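The paragraphs below walk through a two-chain model, one chain at a time and then across the contact. Please keep the sequence and the coordinates open while reading.

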Amino acid sequence: MWLRVVLWIAIILAPLAALAGDEKELLFHAGVGQRSSLNEIKDIWEQRNPDQRVNFSYKGSGYFIADITRSRQGDLFMPGEEFYLLQAQERGFVHHYNPETDIPAYFVTVIITPKGNPANITKIEDFARPGVRVGLGNPKSCAVGIWHEKTFKKAGIWEQVQKNATLSAKCIPELGNAAQHRAIDATIVWSTTAVLYLRDVEIIPIEPSLRGVIRLPVATLKFARFKEEAEALKAFILSPEARHIFHKHAYAVDPKIPVDDQGFCLDGTTDKDMRDLVAAAAAVKDESLPVNAETVGDLVEEVERQRKTVRAGS
Amino acid sequence: MQNALWQRGTWWPALAIFLALATITFYLILIASNWIYLGLGDTFYFFTQPRMWQRFWLTVWTSTVSTCFSLIIGIPAGYALSRFSFPCRNVFASVIDLPIVVSPAVIGAFLFGITTRFPFDLISEHYNIYIGRNVYGVLLVQFTVTCAFCARLMKAAFDSIPPKFESVSRSLGASNFRTFFKVVLPMAKNGIMASMIVVWARAAAEWEGLMLFVGASEGKTDIMPFAIYLDWNGGMMGWVVSMTIVCILMAVTAMTAMRLIGGKSHVW
């Protein structure tokens with residue numbers, strides 16, 4: 001009887017014992033939107049440093065401050081907006097962050113519409129046309145909402161666009177999914193969100209003066225258990241090799257993109273990225289189009305991934 | 001004829017059955033439309049990916065382990081609540097109900113603070129186990145959410161067994177311990193098995209607590225409900241829909257098994 005009980009407990013506990021290891025485990029707080037590119041970076045990093053494991057704690061950016069405040073754990077921090085990092089810095093959680101150099105990648109704003117562009121949107125001003133169903137982000141819960149307000153105010157159509165709004169999204173994928181399922185006629189999202197829905201949406205670049213560029217920072221945290229390793233990983237994320245990985249997922253990676261004080265583009269540095277994105281959307285929908293570095297730039301893998309299935313997966 | 005129908009009130013069972021069937025049809029249509037959206041080719045593609053089954057087995061083994069822990073605590077606790085009277089029994093009964101009525105998000109937020117403080121910090125330091133962002137965190141959340149639930153269901157299972165069998169067993173000279181293992185447990189077997197499956201399904205469906213306390217690292221802590229959330233954020237509708245289907249199939253299997261085993265037990 002007792003022997004049996006002991007045996008059962010041993011069987012139950014066996015997998016736990018196997019899991020305890022001596023590897024250095026870096027805890028990385030990262031925005032859930034950066035998942036695909038950071039996973040690639042992690043794979044390369046773990047291959048080169050077999051004694052280290054990178055453990056991502058993917059969450060929406062809004063959760064991080066509460067998480068770090070309470071748990072006081074974590075080695076690196078890469079939220080989806082500089083705002084959250086500055087908040088952490090204000091509270092004294094950030095060990096090392098230099099706003100001049102620690103930006104590995106940028107988001108760029110683009111217009112997306114459902115496949116076939118039913119409301120015939122070609123520029124920002126079309127959002128004000130009566131009857132266009134516009135998806136907006138809630139500025140309190142997602143960064144893209146702040147950019148909607150900024151963009152439409154700069155274009156002078158904020159009042160009309162608000163009247164057209166039929167969706168107030170809590171997070172950016174909600175906008176992508178709404179366009180995919182034809183619940184809205186148009187919205188503005190990051191290029192990195194748009195690239196996830198190449199088969200089901202149309203991508204329309206915004207003219208440079210209304211095109212927003214969003215800084216995506218990375219920093220090491222004060223509570224880091226492995227300070228040296230965390231700094232090394234951060235340096236790797238800022239290296240050209242890692243930037244190239246970000247570029248493959250439609251981030252802008254030019255180290256110097258000229259922007260005004262509000263964050264809008266001053267010239268056409270990001271024009272090539274936008275052209276590639278539009279070409280990629282066409283290539284996923286039409287299998288006969290050639291896919292190579294000339295037609296879609298670094299987005300080749302992304303196009304091939306989405307061509308494999310009707311519903312996106314990897 | 002119609003008059004007789006109205007007078008005898010047969011319209012009422014007919015309406016009730018119709019509503020029940022309508023509800024079931026509604027859910028079936030939901031599942032079917034999801035599946036049609038995915039399409040046959042994609043179904044085959046996603047269901048043959050190793051990623052799908054890694055997550056499936058992760059879900060299965062974490063919820064199995066946490067169910068086992070819950071049972072180790074839940075069976076004696078449920079028995080105590082059902083049979084013995086001890087000081088503040090009602091207070092304990094209410095406390096044990098807490099994790100059932102409180103949102104799992106609260107449990108996640110609560111665990112958050114506690115694991116970095118005394119005495120848990122000493123335990124994790126001593127064994128060099130880091131509870132939180134790894135599979136231990138998943139187990140802890142699942143255990144916290146299901147343990148009380150388990151005790152509650154076990155109490156119901158033991159309640160359905162008349163206490164006179166125990167008194168007979170004891171009057172014939174068996175000890176309390178022996179009575180429990182040789183008389184009560186075998187009699188409550190069906191109820192316990194049925195409750196176990198419900199507890200397991202509850203553990204496998206846990207998500208909110210994980211979201212707050214553990215966070216997701218791919219391949220390590222993203223059990224199915226969490227993986228659905230992650231892929232939804234990544235715009236991977238194919239994965240979202242196919243994993244939803246697996247989750248529903250898992251739930252249907254578990255509940256059917258419960259009904260088959262539980263028979264007429266009063267657990268649920």
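A residue is called buried if 20 or more other C-beta atoms lie within 10 Å of its own, exposed if 12 or fewer do, and partly exposed in between, with C-beta atoms placed from the backbone. This is a predicted model, in which local features need pLDDT of at least 70 and side-chain atom pairs count only at pLDDT 80 or more, while totals for chains, interfaces and linings use all residues. Residues are numbered from 1 along each chain as its sequence is written, and chains are lettered from A and ligands numbered from 1 in the order in which they are written.

A:Asn120 sits in the loop that runs between strand 5 (105–114) and strand 6 (134–137) of chain A. Helices (H or I, at least four residues) and strands (E, at least two) are DSSP runs, numbered from the N terminus. The backbone of A:Asn120 has a phi near 55 degrees, which is a positive value in a residue other than glycine.

A second residue with such a phi is A:Ala250, where the value is near 75 degrees. Is A:Ala250 buried or exposed? A:Ala250 counts as buried, because 29 C-beta neighbours lie inside 10 Å. A:Ala250 belongs to the loop between helix 10 (240–248) and helix 11 of chain A, and the positive phi comes just after helix 10. Within helix 10 of chain A, the residues A:Ala242, A:Ile245, A:Phe246 and A:His247 are buried. An α-helix has 3.6 residues a turn, so residues three or four places apart point the same way. The buried residues of helix 10 pack against helix 2, strand 5 and helix 9 (227–237) of chain A. Contact between two residues here means that their C-beta atoms, placed from the backbone, lie within 7 Å.

On the helix 11 side, A:Ala280, A:Ala283 and A:Val284 meet A:Glu302, A:Val303, A:Gln306 and A:Arg307 of helix 13. By class, this contact has four nonpolar, one polar and two charged residues. Ala, Val, Leu, Ile, Met, Phe, Trp, Tyr, Cys and Pro count as nonpolar, Asp, Glu, Lys and Arg as charged, and the others, Gly among them, as polar.

Taken as a whole, chain A has 13 helices and 11 strands. Of its 314 residues, 47% count as buried. The C-alpha atoms of chain A fill a box of roughly 75 × 45 × 40 Å, taken along the principal axes. Among contacts in chain A with a separation of 6 or more, 73% join residues 24 or more positions apart.

Chain B has 14 helices and zero strands. Its C-alpha atoms fill a box of roughly 80 × 65 × 30 Å along the principal axes, and 38% of its 268 residues count as buried. In chain B, residues 24 or more positions apart account for 81% of the contacts with a separation of 6 or more.

B:Phe143, in helix 8 (residues 135–159) of chain B, gives a local example. B:Phe143 is buried, since 20 other C-beta atoms lie within 10 Å. B:Phe143 and B:Val65 are 78 residues apart in sequence, yet their C-alpha atoms are 8.8 Å apart in space. Leaving aside residues up to four places away in sequence, B:Phe143 touches B:Ser66, B:Phe69 and B:Ser70.

Finally, the two chains meet in a contact that takes 30 residues from chain A and 32 residues from chain B. On chain A, helix 1 (2–19), helix 2 (35–48), strand 2 (52–59), helix 3 (61–71) and helix 7 (172–180) each supply at least two residues of the side that touches chain B. Strand 2 gives the most to that side, with five residues. By class, the side of chain A that touches chain B has 13 nonpolar, 12 polar and five charged residues.
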